[in-house]
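Colleague: I would like to learn how to read the features of a model like this one. Could we go through it together, starting from a single residue?

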Amino acid sequence: MSLSIRNQFSGTVLSVTPGEVMATVKVRLDGGQEITAAITLEAVTELGIEEGSAVRTLIKSTEVALATGAVDGVSIRNRIPGTVTDVTTGGAMAGVKVAVAGGELTAAITKDAVTDLGLAAGAEVTALIKSTEIALAAV
């Protein structure tokens, strides 16, 4: 199945913490980063997700925020460091490609944010992704 979601990374489930309706799933990406996805408990069961499972993480580019400095006092758990490789700007929006360990991440942010942050190839950034914005696919 082909998907329009730009950001797809393979990984291995480290742990599953179930709640009444939702579960948090910690995944070690093939690039070495650890991320957390919050998905329904029903999805965990239907996909057979458990410790050691191979999964593909799916992250829409519109759900990736970028920071150029230290990130403190924020509830976002998923913070992936990288280097900007390309910035493509349009009338209002921009696509920013970021090299991260194990691949490339794309962020769709406003053109104003690109200007305000001074983003250009070579800039060091941290990609921020809420755990509720990460989908998982069983492989």
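Modeller: Start with S10: apart from neighbours up to four places away in sequence, S10 is in contact with L29, D30, V55 and R56. Contact here means heavy atoms within 4.5 Å. The model is predicted, with pLDDT of at least 70 required for local features and 80 or more for side-chain atom pairs, while totals for chains, interfaces and linings use all residues. Residues are numbered from 1 along each chain as its sequence is written, and side-chain values use heavy atoms, with hydrogens and water left out.

Colleague: Which of these neighbours has a polar contact with the side chain of S10?

Modeller: A polar contact is a pair of N or O atoms within 3.5 Å; within protein, one must be able to donate a hydrogen and the other to accept it, and residues adjacent in sequence count only if both atoms are side-chain atoms. In this case the partner is R56, and the two side chains meet at 2.5 Å.

Colleague: Where does S10 sit in the fold?

Modeller: S10 belongs to strand β1, which covers residues 7–18 and also holds N7. Strands (E, at least two residues) and helices (H or I, at least four) are DSSP runs, numbered from the N terminus.

Colleague: What is the relative accessible area of N7?

Modeller: N7 is buried, at 0%. Excluding residues up to four places away in sequence, N7 touches a list that includes T57, L58, I59, V64 and L105. A polar atom of the N7 side chain lies 2.6 Å from the backbone nitrogen of T106.

Colleague: How do I read the pairing of strands?

Modeller: Strands of a sheet pair through backbone hydrogen bonds, either parallel or antiparallel. Two strands count as paired if DSSP finds at least two bridges between them. Here β1 and β4 (residues 54–59) are antiparallel and share six bridges. In that pair, Q8 stands opposite L58, and T12 stands opposite A54. On to the next pair: β4 and β10 are also antiparallel, with four bridges, and L58 faces A135 of β10.

Colleague: In what order do the strands of that open sheet lie?

Modeller: The order is β3-β2-β1-β4-β10, five strands with antiparallel pairing. The edges are β3 (34–40) and β10 (135–138); each has a single partner strand, so one side of each has no neighbour in the sheet. From one strand to the next the twist averages 45 degrees. For that angle, axes are lines fitted to C-alpha atoms, for helices over the stretch in contact, and angles run from 0 to 180 degrees between N-to-C directions.

Colleague: And the sheet that contains β9: which strands form it?

Modeller: Five strands form that open sheet, in the order β5-β9-β6-β7-β8, with antiparallel pairing. β5 is joined to β9 (residues 124–129) by three bridges, and L66 stands opposite A127. β6 (residues 78–89) pairs with β9 over six bridges, where R79 stands opposite L128. β6 is also joined to β7 (residues 93–100) by six bridges; T89 has A94 as its bridge partner. β6 and β7 form a hairpin, with three residues between them.

Colleague: How many salt bridges are there?

Modeller: Side chains of opposite charge can pair when their charged atoms come close. The rule for a salt bridge is a side-chain nitrogen of Lys or Arg within 4 Å of a carboxyl oxygen of Asp or Glu. The count is one: R28 with E34, whose closest N and O atoms are 3.0 Å apart. R28 is partly exposed at 38%, and E34 is partly exposed at 45%.

Colleague: Which residues does UniProt list for "domain: Mop"?

Modeller: The unreviewed UniProt entry lists residues 2–68 and 73–138. UniProt positions follow the numbering used here, feature names are shortened, and annotations may be inferred rather than shown by experiment. In the model, residues 2–68 are 10% helix and 54% strand, with end C-alpha atoms 32 Å apart. Residues 73–138 are 11% helix and 58% strand, with end C-alpha atoms 33 Å apart.

Conventions:
Buried means under 20% relative accessible area, exposed over 50%, partly exposed in between (1.4 Å probe, protein chains only).
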